[in-house]
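Dear colleague,

I am passing on the structure below, with some notes on what I found in it. Please look it over when you have time.

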Amino acid sequence: MRASRGARNRACPGGPTRVASCRPVRIAILAITASFALAAPAALSAAQPVVLVQAGHLSPGEPGYLAQTGASGNPFGLESEFNRRVRNDMLTRLRAAGVDARPLAARVEPLGVPGATFVSIHHDSPGGAAMVGHAITGGNENYYRGEGTGDASPTPYPDSARHRVPATTVSAAVERTSAGTAQRIAAGLKSIFTPANGAGGRFRGVIPPNSNRRMNHFYGFYRTTAQSRVIVEVGAAPDDNPFLAKVPLISKTLSTAIINDLKARKLL
Ligand SMILES: [Zn+2]
């Protein structure tokens, strides 16, 4: 009690006085506090983190990669359809958590779009695996033959289709942030990628930098200025088909990982 009274006395302008004389000051402070409380929701909504969720291979396509129409054979047919379903479910869940979640198709619009996080949703082809890749600093996007066939190359082939410019770059800071997001997504995905949930294939987790050009230098990483940039292969058709059918479980898990990552980065 004494400490409390002392604190109130110190709040009085003009030095220690009787508590009663402090009342107008305390009421004023309460009024100010109340006005801040009223202003808080508007301030929060203005600072909602932007998360860009890309449905891999979904039309319209990205120039230079138009031949990369994705895998097939999942419970919903084309890979783009699975990706679209997961993306849309994630948008709903992320928005409910206070995130400004925005949909992207294969063609990233607008070019250089900013955000807190960019995540590209995919599933792998037969023989593939569930895995997560992230943007790495150094180098640039892949080039392929024509509109996206053949091996990934760091330099254009003579017949490579033109890419949109300017490409964005990946700084060391973006690589670090992306690696953190990738770890959280991989941990979440690992927790549900079980035989009980219908997963029958391999789980590789976060792939090391420079282990897979197609993922580490995915074009999407060079079409956004998002602080974190990741690509997820949720599983592989057909080995993981019963798992891939569980769109709500997958979407919830990926969304939760992204929300936790935003919280860890103090953006949510
Ligand atoms: Zn894909």
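In α7, the buried residues are I250, S251, T253, L254, S255, A257, I258, I259, D261 and L262. Please bear in mind that this is a predicted model.

The partners of these buried α7 residues are β1, α3 (79-96), β5 (117-124), α4 (172-192) and β10 (228-236), against which they pack. As for its geometry, α7 is 18 residues in length and reaches 26 Å from its first C-alpha to its last, close to the 26 Å expected at 1.5 Å a residue. K266, which follows α7, has a positive phi, near 60°.

The largest nonpolar core contains 54 residues, and V51, V53, V132, I185, V232 and I258 are those with the most contacts inside it. Helix α7 (residues 247-264) supplies the largest share of this core, six residues. Nonpolar side chains tend to be buried together in soluble globular proteins.

Which residues is I258 in contact with, leaving aside its neighbours within four places in sequence? They are V51, L94, T117 and V119.

A47 belongs to another part of the chain, the loop between α2 (23-46) and β1 (50-55). Is A47 buried or exposed? A47 has 11 other C-beta atoms within 10 Å, and is therefore exposed, the cut-off for that being 12 or fewer. Between A47 and G98 the C-alpha to C-alpha distance is 9.7 Å, while in sequence they are 51 residues apart.

Regards

Conventions. Residues numbered from 1 in each chain as written. Predicted model: local features only at pLDDT ≥ 70, side-chain atom pairs only at ≥ 80, totals over all residues. Core = buried A, V, L, I, M, F, W, Y, C linked by C-beta atoms within 7 Å. Buried ≥ 20, exposed ≤ 12 C-beta atoms within 10 Å, placed from the backbone. Helix = DSSP H or I, 4+ residues; strand = E, 2+ residues; numbered from the N terminus. Contact = placed C-beta atoms within 7 Å. Expected span 1.5 Å × (residues − 1).
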